[in-house]
Amino acid sequence: MRAFTQLDGLVAPLDRANVDTDAIIPKQFLKSIKRAGFGPNAFDEWRYLDRGEPGQDCAKRPLNPDFVLNQPRYQGAAILLTRDNFGCGSSREHAPWALEDYGFRALIGTSFADIFFNNCFKNGLLPIKLPAVEVDALFELALATPGFRLKIDLAAQTVTRPDGKVLPFDVDPFRKECLLNGWDDIGLTLRHAENIREFEARRRIDQPWLFAQ
């Protein structure tokens, strides 16, 4: 997965609480496990005026002009500002896949559903929890300021506003290390590839019957 170190990104405010994973990526798009290609269907039922189906050309579908991500000022946003309990519902890993494929690298909110929160770290997304008063202020600024951007520094564990105010955030040290280095579960395993090869070679000698044809 892509490493996350620093980000200077445009912010899109999704002012809804309890956004579940079926809203993030509806169930009809869960047939693929390729991780890529889900971005055009992120928030599909809110984003388009018709019902989406796998294989559709989303470029030809009618957009919902009232949905925040369809507004021109938020095109290219890399940071999604959220409300309470974002990512609740089913445990589908397709949800962070869709958000990452859309172009988001970080999420900022007061709380996230536990499984979704864990899945974000495993797929190169940084979910940041901030106090409600700070999140409220960010929503106000994002809505009032076209082109509102934030700077995120994972190593320093800070979010910096355009006015210079620095918002610290907590992150688990192990998850932080994995994101900084771009290590998903497979990447973590491959760090020990030489030890694994040595173990398999010894096992062929010590337990040859396991490899008998």
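Which residue forms a salt bridge with D136? The partner is R83, and the closest N and O atoms of the two lie 2.7 Å apart. Keep in mind as you look that this is a predicted model.

Side chains of opposite charge can pair when their charged atoms come close. In this structure, the count of salt bridges comes to twelve, and we will visit three of them.

| Salt bridge | N to O distance |
|---|---|
| D15 and R83 | 2.7 Å |
| D136 and R83 | 2.7 Å |
| D184 and R35 | 4.0 Å |

Let us begin with D136 and R83. D136 sits in helix α5 (residues 132-144), while R83 lies in the loop between β2 and α3, so this pair links parts of the chain 53 residues apart. D136 counts as partly exposed, at 35% relative accessibility.

R83 also meets D15 in a salt bridge. You can find D15 in the loop between β1 (6-13) and α1 (21-24), 68 residues away from R83. D15 is partly exposed too, with a relative accessible area of 47%. Through shared partners, salt bridges join D15, R83 and D136 into one network.

**Another distant pair**

Now turn to D184 and R35, which also form a salt bridge. D184 is in the loop between α6 (173-181) and α7 (185-190), and R35 is in the loop between α1 and α2 (44-47), 149 residues apart. Is D184 buried or exposed? D184 is buried, because its relative accessible area of 12% falls under 20%.

Notes. Residues are numbered from 1 along each chain as its sequence is written. This is a predicted model: local features need pLDDT of at least 70, side-chain atom pairs count only at pLDDT 80 or more; totals for chains, interfaces and linings use all residues. Side-chain values use heavy atoms; hydrogens and water are left out. A salt bridge is a side-chain nitrogen of Lys or Arg within 4 Å of a carboxyl oxygen of Asp or Glu. Helices (H or I, at least four residues) and strands (E, at least two) are DSSP runs, numbered from the N terminus. Buried means under 20% relative accessible area, exposed over 50%, partly exposed in between (1.4 Å probe, protein chains only).
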